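Q: Could you walk me through this one before I set anything up?

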Amino acid sequence: MTLWLRSRRIPALAAVSLAVIAAAALSGARSVALPLARLEVEAAYLLPAILGVAANWALAGSGSLLDLVASRRMGWWDAGLLAAVMACEAALFALAGLAAGNPWATGAGRNAVGFIAVAMLASRVAGWRLGGGAPIAVMIGIGAIGRREDGVVRWWAWPLASPADPVAWAIVATLALAALGVAAVIPPKRAP
Amino acid sequence: MRPGWRWAWSSSGVWIAPVAVAVAIWYAGQSLAYTADPWIVAHSAAGFAPLMLTIPLAAAGAAWEGSRWRHAGWTAIPWSRDGLASAVPLLAPVTAAGVLASLAGMAAEMRTGTGTFLPDVRFLAPAVLLPVAWTVAAFALGTSLNGLWAVPAALGGAYAALVLPITVTNPVWLRHLTATRMNGACCETSADVDWRALAAPSLVALGLLAASWLRLNHHGAIPAALMVGAAVAGGALLAHGLGRGAQVPRDPSALVCAGAAPVVCVWPEHANLAASASGIAAGMTGKWAAAGLPVPDRFTERLAPASPASHSFALSRRSSDPGIRQAFAMAMLPPVPPPCAASPSRDAVWRGADAYPLLLAWLMRTGGSSAAEIAGMLGGEGGGGRVLAAAEQAASRPAAEQRVWFARNLTALSRCDVPAAFDSAP
């Protein structure tokens, strides 16, 4: 159990998470004017993409030779860990939002779950390196085309949606369930 | 599988190339250029815009390749060859993908805007240098970092470095260090690109390239960082004086002239309008002269302060006859607002602002435009009907009264304390 947790780099992931959450909370409602996004995008919505990268790096320990010869069903353990990480991130963002009075924190927590799920899906399907790039690519891509010319967020652009948008929550929930599924069922690729 | 094929298919550049080219062509189709005219310089400048998406993609691939190199242990062993030369087999496909996407985006923009694929040759060097520098830098990053971090860091870092400077409004010249927003800075049809807007991003790219070479040859991070810092400082020195725009007056020898009294000179992009504009100008100036207005001998699209002999005007390729008449009428008026109204103190209120549409309507009416044409120009809002009625009334007065009324309103365009005169009665 200890070796398993250590191989998943949980302390390092926790440190990165706290740093990102602090940065998102401190950013308040500050926004970044991306040239393609037609309107400004809240920085707190974009920062959680780093958590997707960090989670991908942390969970890449499951691609080790040790895991491949393990007698226990490591996929289920990893799926459980992934669920715990997602729940913790969402809860920590909500708490940080309450503490800092950041109105975007709930949306940032939703995005953290979404980006982690995207990273897990990409890493199990296409490998760990792509898993790291996927959250950033999703952030840039949706930032580029996720808004209509009149500034309205498109229904599928979950990272840009307001915290009250039920469709964005539904998309993130679907992504999270899919990520948990692939983590449990699809064996990890060899880590670089 | 032959070694050559194995080499090609194992590179991330092979699958990045079609994605990056598709993204570049898509983005180039977003009507990015400064002008809709087929001005080759404006569309060449707009061809840089897709780089903000294609360079990060290529950089991610290069970081991937660098991490493969690192993973294979090549960074840990001594070698006698130059580091960059050793990296070429891994780096070449992904660098080629970045350059290909850059040129494809530029060609697509040129095709959309000018009908040809070839950009202005001055833009080609930075269009190649920028993706080369970023991919080499990302490769160097990949040799230093775990691939799980290097790929997203190259993707996000290149995007942030290319995009964030263009969102900064103070200092606004910072955007010229990336070249990705050159479409917002260059160029009107009457202007050419300022060489500093091309030199500044090229210098930054060269610094990035030199820093990467240092890193790939086992030099420390500090010399590499100093190299990048020096290049950015040099680029900043070049870009410092540019402001938001990056254009200089265009060579007037390109003007195409037609007519004799007055001579009408247009840029080659408007050559299709030269004959009709010359005829319209002759008709309008004849009527204005009959009304007692001094008229110039020449109307030119060259941007220059008006003189009694020559006035500047501006057309677009799609200008219709009413648009051409409006352009000549505007050329007869001084630039607005007057300096007193442009003062940052905000204390000065320009009381004569209505004089501009008033005189414009009078010039067009006197020059032969119909009332409906002028009403269409003025629009229904903002007292357009009142302006047209006042201009119609003035045009029906004796010539001497019209001249007095015109002179009074002309004064209102150059001072803040003189109100517009709607009433043309003496």
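This is a predicted model: local features need pLDDT of at least 70, side-chain atom pairs count only at pLDDT 80 or more; totals for chains, interfaces and linings use all residues.

Q: How spread out is chain B against a compact globule?
A: The globule rule gives 22 Å for 426 residues, and the radius of gyration of chain B is 28 Å, well over that value, so chain B is more spread out than a compact globule. Along the principal axes, the C-alpha atoms of chain B fill a box of roughly 95 × 45 × 35 Å.

Q: And what about burial and surface in chain B?
A: Buried residues account for 49% of the 426 residues of chain B, while its accessible surface comes to about 18400 Å², with 64% of that belonging to carbon and sulfur atoms.

Q: Which residues touch the most other members of the largest nonpolar core?
A: That core has 60 residues, and those touching the most other members are B:Phe48, B:Phe123, B:Phe139, B:Met182 and B:Val193. Helix α6 of chain B, residues 124-144, gives the largest share of this core, ten residues.

Q: What is B:Met182 in contact with, leaving aside its neighbours within four places in sequence?
A: With those neighbours set aside, B:Met182 is in contact with B:Ala45, B:Phe48, B:Phe123, B:Val193, B:Ala197 and B:Leu198. There is also a second, separate core of 59 residues, which includes A:Ala58, A:Met120 and A:Ala168 as well as B:Ile166.

Q: Switching to chain A, what does its secondary structure look like?
A: Chain A has nine helices and two strands, and from the N terminus on its elements run α-α-β-β-α-α-α-α-α-α-α.

Q: How does the radius of gyration of chain A sit with a compact globule?
A: It agrees, because a compact globule of 192 residues would have a radius near 16 Å and chain A has 16 Å. The box filled by the C-alpha atoms of chain A, taken along the principal axes, is roughly 55 × 30 × 25 Å, and 52% of the 192 residues of chain A count as buried.

Q: How many charged side chains are there in each chain?
A: Chain A has 15 positive and 8 negative side chains, with the centres of the two sets 12 Å apart, whereas chain B has 27 positive and 21 negative side chains, with centres that lie 8 Å apart.

Q: Is A:Arg9 buried or partly exposed, and why?
A: A:Arg9 counts as partly exposed, because its relative accessibility is 28%, and buried would require under 20%.

Q: Last one, what does B:Arg408 touch?
A: B:Arg408, which lies in helix α15 (residues 399-414) of chain B, touches B:Val418, B:Ala421, B:Asp423 and B:Ala425, not counting residues up to four places away in sequence. B:Arg408 and B:Ala425 are 17 residues apart in sequence and 12 Å apart in space, C-alpha to C-alpha.

Technical notes
Residues are numbered from 1 along each chain as its sequence is written. Chains are lettered from A and ligands numbered from 1 in the order in which they are written. Side-chain values use heavy atoms; hydrogens and water are left out. The radius of gyration is taken over C-alpha atoms; the globule rule is 2.2 Å times the number of residues to the power 0.38. Buried means under 20% relative accessible area, exposed over 50%, partly exposed in between (1.4 Å probe, protein chains only). Accessible areas come from the Shrake-Rupley method with a 1.4 Å probe; for residues, only the protein chains shown count as cover. Lys and Arg count as positive and Asp and Glu as negative; His and the chain ends are not counted. The place of a charge is taken as NZ of Lys, CZ of Arg, CG of Asp or CD of Glu. A nonpolar core is a set of buried Ala, Val, Leu, Ile, Met, Phe, Trp, Tyr and Cys residues joined through side-chain atoms within 4.5 Å. Helices (H or I, at least four residues) and strands (E, at least two) are DSSP runs, numbered from the N terminus. Contact means heavy atoms within 4.5 Å.
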